[in-house]
Structure formats: C-alpha cells, structure tokens
Amino acid sequence: MGQIYDAFHRRSIDDRDGFWSEQAQLIDWHRPWDQVLDYSRPPFARWFVGGETNLCHNAVDRHLAARGEQAALVYISTETGIESTLTYRELHAEVNRCAAMMLSLGVARGERVLLYMPMIPEAVVAMLACARIGAIHSVVFGGFASHSLATRIDDAAPKLIISADAGMRAGKVVRYKPLLDEAIALANAKSARVLLVNRGLDPEFITVPGRDIDWQTLRQQHLDAHVPVAWLESNTPSYILYTSGTTGKPKGVQRDVGGYAVALAASMKHIFCGHAGETMFTTSDIGWVVGHSYIVYAPLIAGMTTVLYEGTPIRPDPGIWWDIVERHRVTVMFSAPTAIRVLRKSDESFITGHDRSSLRHLFLAGEPLDQPTHRWIAGVLGKPVIDHYWQTETGWPMLTSAPGVEQTPIKFGSPSFPAYGYDLRLLRETDATDAGPDEKAVVVVVPPLPPGCLSTVWGDDARFVSTYFSTFRDRLVYASFDWGMRDTDGYYTILGRTDDVINVAGHRLGTREIEEAVQGHAAVAEVAVVGVADALKGQMPLAFAVVKDPARIATAEGRASLEKEVMATVDAQLGAIGRPSRVHFVSMLPKTRSGKLLRRSIQALAEGRDPGDLTTLEDPTALDQIRGAVDEK
Ligand code: AMP
C-alpha cells in the first residue's frame, strides 16, 4: 500500500466524522446534518442524521446551470440500431414528466415502484423520477423469469410496476410482458398498476384494460410538468435491490439517500477518477448494483455523460465497445471479467484498431479476474486495468486501488487494498483471530459500515443482523461470505465464496434458488446444484437430480428429453441465467448420516478434485454415481 493512500485510509477509520463530513461536501444538501454518524444501535449505522438531500437533485437538477446542454445520457442499442442522447436539460424534463406520471397514478413518498425493464432510457428516467418524489425503486433484472419476479413483487409490494413489451438480446426479441403477467398472477399484487413502454418489438403484445397504462399516452398528458424535488432525511430508503444468498428467498438490500450519494461522489473522485464533462461507459445492466451505482447515479452525480448500452460485446463485431470509446471519448470504462474473456477469443485488432487515447482506466469487477486475462487486457489496451471487489450489499468498492488518491502499482490478479472507509480484515474461520500474510481467511468488515452500504434488509432488521453479523459469536463483524488472502505487500486476492452462492459471468446466484427451480419440474424428487469452474463464465451451475419414477430415465433418449424439460423449467421459473449446464440423473445424492447434503464433495468431484473427508458419508455408492455421471459427459 502506498504511503499517501495508507494515511488516507487510516484517517477514514480513525477520524470517521472528519473524513466523511469532508466527502459530504461533494454533494448538495438542502439541510445540513446534525450528526455525521449515529452508531448507537450496532450494527445499524445511520449516516448524516438530520441532513436533507435528494439523489435526483444531485444527479440532474444541480447540473442544469453549468451543463444543461451537455449530454447526460447517451443511449446506444446495437440490438435495435437506435442511438439517442438526452442533455441534462432534456433528462430533467423527462424525469419531471415521469415523476408527474407516477404522482398521477397515486404513487406516494415511501411507496415502492418495481421496474422490470430492458436497457432503454425510460428505465433510467423512471429510477430518477422515483428518487425525485421519494418513492423507493426496486429494479428486477430483465433476465429473471416469472417465479423470481413474483417473489420480488411479493416482498416489495409495489404500488406501480413499470415494464416494456420486450427486450432484445443477440438479435432475438425477449418478451417481457407475458412473464410479467404470469408473475403478477402468481404474486399478491392484484392492486398494482402497470405502466408499459411499448417499443413495438412484440407483435403479440397485449394489455390488460384497467390495469395497464401506456407510457407514451400518459407522458403526453404531462409534457410541461414540474415536480419539485422531495427533500428526504439522509436515512430515508432510496431503493431496494434483491440479491441471492444461501436460502431460496432473495434478500432486499435497502439503501439510503444521503450516505449513498456521498459514497458515490467520493468514489468517482478517489477511485474512478471521473470528472464533470467527461464520459463514463459501464457495460453492466441496470438490474444489477453496478448498473445502479455506475451507469445511473455516480456518473450523473459527478456531472459526467453516461453511456447506456443495450447489446452484447461482440455484435455487430468485437470492436463495438472500442468504437463507442473512440466516438464518445470515454474516459472511465467499467466492465466484467467474463466480457473480457469473451473478447480475448477475437483478434486484438478489434481493440487496437480504435483510438483509445481518451481512456484513463478500465475497471473490472463482479467476479474473480484471473491473472492471464488481467495481463492480456492491460497489454492490449495499454492502459491501467483496475480489478476491484465489492458486492450488492456495499454499493461501491471494498477492495480497490484508488488512483485519485495515489497511483499504486497494479498486481495482476489482485483487487489491491481495502477502500477507504472500510475497516476490512481477514479472520480465521475457527476462532475469529486475525490471519497472517498469505493465509486464507474470511473477508469481514468491522462495523460501522461506511456510507453507501446497505442500511438493512428490506422489512427484516432481524435478518440483516442474523445474515451479515452473526458469523462469529464473540466478534461483531460484517461477513462478506468470501475467502481472501493478503500477501506480504498488503495486496489482497479473493478466493471464492464461503457459502453456497455461485457466480456465473459476474451474476450472483444461490444454488438453493436453482434447486427450487429444478424441483419445479414434477418428475424431480430431489436435486443438488453446485457451481463448477468454467473457463469463460467463471462458474456454471451443474445439477444432479433424483427422479420420482426411474422408468423415465431408463434410456438415453428418456434422460436427454427429461434433461431438456428440466432446463426449460428453470428458464421459465428463474430465467436462463440460472440454467444448469447439465442435469445429471442419479438414484441418490451423497449425504451425511444426519441427512446433510455433501455439496462440497459433489463440487470437488465435478471439478475433478479430491472429494475430501468422507467419514460421515451415509452411502459411498452415491458418490460413485456422481463420479460416473461427471465422467459420462
Ligand atoms: P454481487 O453482489 O452480485 O455483485 O456479487 C458479489 C460477489 O461477487 C462477491 O461477494 C464476490 O464473491 C464476487 N466478486 C465481486 N467482485 C469481485 C472481484 N473483483 N474479485 C473476485 N470476486 C469478486
């Protein structure tokens, strides 16, 4: 760790109030806070107590005077061929219209608005409109199917759902509306109104009279709308974002207003080095936390132009992202390791053939970045490539290099050091003592968590404490559920999850969730899903299922057709992102004598490793079946 950064980090922990009140100057406040941090009820941290601000004001209104005519949002869809731009003034007008539309539909402060949307400007406008009126948005990734969506609808109980006829992926229309209708039927949301953007992509698009409203028609009624910003106490919830854990029920990560705005503004300055007037291109989706923080809020709070991209990294060809970098003079780019591994399969000239002189850094996060990929992309780009590590829960980086504070050398394969604000430690799993250099241990953060991190689990304070703060009996720490290690120079490496969560192409999925979806097929009696190493996507889910009627899998054809059916069930319930790469059929699953599934042994065998300690195994032939299934291919 460099000396300057070390001192900066130390101060952020030793003088929390001083440090964060300085950072808080980066945003506008309607009313100053009375107290920087209220930590009277650990582990709940309340930042900038009594202060009043608004995310939409900071992301849009406050830039009107200095940069009203500057592009705020550049929309590029290589799926539909549409490119459009909204200046800050135009974005402001659209957000006002949308806020008025929401108010006309009866959405009040504190009520939830659920967004199930493709990557279109209306999605960003709707998020900002919620923020403007103090409604709480909950964006659900468009790749999730009806069952996952229904669970989230039930938990958030939205007053309004905003969606569209369809999205597009790799040239194919992905219909959203039928999935939404099915989810609403499954869920307890009979009274929610549905606002729909009709992109004209789905010829079979139908609306439900009395419930569904057309975005364009309603917008026309509010063209001149002016909706004042709702000044919100800093700790008011701004949004809910669901994330997977060990149970089948996703957790609603709840974020605040003031702490989040300050954390994002500070991260743009110290970590991402993005300045007003420059352009940021984050290749994620608004359905993920990276999209919330670094497509929408942070670049706009910083007065930058943000690029909203609908499409894949390789269509029309693998040069598309670098063409965008060249044409829009992108200075800060943020992507994921899987995308880079995909690009690595193509000729380097797709990258080197474009002018990249505007680019300052490429940031990569979401999953482990392997050394060869890190080295390759840094070499081809000729720019610093910064691996950084964080989670939906934290909202901004936990481990990173902070070139805005000090340019520290990059080590390939490492996300560098703890970000300022995080008192991050590596603890031994057995006794919660601090691990030494090069020792694998659990990554934790000593609370209070810094501004921007989750305030609680939506509607469930007890779950917030029991999930995140109960790993060790004698030490109150936030558990990341990741293994990590620190070398003698202080550089960290992340070594995978400590729980049953897997990471597919940077997307977090709970094996329980996938198992529940597999069990949605009537023929399946029992199933185990494990994550298996994959050269491209990091990990892929693999399923081992026991069927109720063995006759169904007596022949190779029977097995193949049931496997297809099970995959289709997962697609329909959870979404294709959770689809197992294979479904193997076995007559029993390996369990301990007390009935606990030996997941780690299954995973080890599937990856061709030693299955470990098997002394508690009930029936050794169960493991032989797993071995046989994996070998069978
Ligand atoms: P999510 O909340 O979906 O963004 O997933 C967060 C999880 O992704 C973390 O707990 C890690 O397991 C993994 N992750 C994110 N960034 C990195 C990184 N740079 N290196 C290794 N793992 C990462």
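K177 is buried, at a relative accessible area of 2%; buried means under 20% relative accessible area, exposed over 50%, and partly exposed in between, with a 1.4 Å probe and protein chains only. The model is predicted, so local features need pLDDT of at least 70 and side-chain atom pairs count only at pLDDT 80 or more, while totals for chains, interfaces and linings use all residues. Residues are numbered from 1 along each chain as its sequence is written, and side-chain values use heavy atoms, with hydrogens and water left out.

K177 forms a salt bridge with D181. A salt bridge is a side-chain nitrogen of Lys or Arg within 4 Å of a carboxyl oxygen of Asp or Glu. Here the closest N and O atoms are 3.3 Å apart. Both residues lie in helix α8 (residues 177-186). Four residues separate K177 and D181, about one turn of the helix. Helices (H or I, at least four residues) and strands (E, at least two) are DSSP runs, numbered from the N terminus. D181 is partly exposed, with a relative accessible area of 22%.

By this rule, 47 salt bridges are counted. Another of them joins the side chains of E393 and R508, at 2.8 Å from N to O. E393 lies in the loop between β20 (385-387) and β21 (399-400), and R508 in strand β29 (residues 507-510), so the pair ties together parts that are 115 residues apart in sequence. Both E393 and R508 are buried.

K411 and D489 also form a salt bridge, with the closest N and O atoms 2.7 Å apart. This pair links distant parts of the chain, 78 residues apart. K411 sits in the loop between β21 and β22 (417-418). D489 sits in the loop between β26 (478-486) and β27 (492-497). Both residues are partly exposed: K411 has 28% relative accessibility, and D489 has a relative accessible area of 44%. Elsewhere, a network of salt bridges links D500, R512, E515, E516, R599 and R600.

The nonpolar residues were examined next. A nonpolar core is a set of buried Ala, Val, Leu, Ile, Met, Phe, Trp, Tyr and Cys residues joined through side-chain atoms within 4.5 Å. The largest has 125 residues. Those with the most contacts inside this core are W20, M102, L128, I162, Y294, Y297 and W396. Helix α6 (residues 121-133) supplies the largest share of the core, 10 residues. In soluble globular proteins, nonpolar side chains tend to be buried together.
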